Amino acid sequence: VLHNENDVTIFYYSGHGFSYDKDRSIKYPQVDLRSHNQQVKYNRIGFIDTHTENLAVILDLLRFKGARINIAIGDCCNTVIPFERPKNSDKEMEVVKAIMPRQSRALSKRLFTDTKNAVSILASSSNHVQPSIADVSIGIIFTYNFTRALANSVLQQPKGSQYLPWLKLLKLASTQAFKA
């Protein structure tokens, strides 16, 4: 589906994730869509490569659909598996590096509300080699804190407002998850 230039697309993933061995230069995790299984075929590199995608690649796929604001958030582990990144995936990551917009840590309300600006946000709940932590009573800690911060922000916005402080929400969720 092609989107209107004023649309916002959000990909939010909460589940399994990982990084490949010797992959320190790739900051964001592979989104792992394999179901948990101990059978050997599910843990072969070909099967892994077929059923995973890097979070940065997912953001680019969103961007190609034409929305002005695209957000990809992964709440998953970024631990390391004992396989090196396959060659096809290497090529894909090179494409991502070539077409990603320049990074900025300052995302102001003006940038979000000016229809001439395209905005891309890529966020992970865990750094390279870190797990994502869950609690039996609340679920995954980052997701729990993010949904609470998002709900509070929506309630505080003036009626009819089209702006949400995404960067502030992500930082708040991150800080609260780290404390927990």
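Where is the place of Asp60?

Guide: Asp60 has its place in helix H2. Before going further, please note that this is a predicted model, in which local features need pLDDT of at least 70 and side-chain atom pairs count only at pLDDT 80 or more, while totals for chains, interfaces and linings use all residues. Residues are numbered from 1 along each chain as its sequence is written, and side-chain values use heavy atoms, with hydrogens and water left out.

Helix H2 covers residues 55–63; helices are DSSP runs of H or I with at least four residues, strands are runs of E with at least two, and both are numbered from the N terminus. Buried means under 20% relative accessible area, exposed means over 50%, and partly exposed lies in between, with a 1.4 Å probe and protein chains only. Eleven residues along the chain from Asp60 comes Ile71, and the C-alpha atoms of the two are separated by 9.9 Å.

Helix H2 also has a partner. It packs with H3 at an angle of about 55°, and the two axes are 10 Å apart. H2 is therefore oblique to H3. Axes here are lines fitted to C-alpha atoms, for helices over the stretch in contact, and angles run from 0 to 180 degrees between N-to-C directions. Under 35 degrees counts as roughly parallel, over 145 as roughly antiparallel, 65 to 115 as roughly perpendicular, and the rest as oblique. The crossing of H2 and H3 is left-handed, a term used when the near helix is turned anticlockwise from the far one by less than a right angle; clockwise would be right-handed.

Helix H3, residues 87–99, contains Val95. Val95 is partly exposed, at 47% relative accessible area, and it belongs to a nonpolar surface patch together with Leu61, Phe64 and Ile99, with about 370 Å² of accessible area in total. Patches consist of residues with over 30% relative accessible area and no salt bridge; nonpolar side chains (Val, Leu, Ile, Met, Phe, Trp, Tyr) are joined within 5 Å and like charges within 9 Å. The areas come from the Shrake-Rupley method with a 1.4 Å probe, and for residues only the protein chains shown count as cover.

The whole structure has five salt bridges, each being a side-chain nitrogen of Lys or Arg within 4 Å of a carboxyl oxygen of Asp or Glu. In one of them, Lys22 is paired with Glu84, with the closest N and O atoms 3.3 Å apart. Lys22 lies in the loop between strands E1 and E2, and Glu84 in strand E5, so this pair ties together parts that are 62 residues apart in sequence. Lys22 is exposed, at 67% relative accessible area, and its phi is near 60°, a positive value in a residue other than glycine.

Arg85 is paired with Asp23, the closest N and O atoms being 2.8 Å apart. Arg85 is buried, at 9%, and Asp23 is buried, at 7%.
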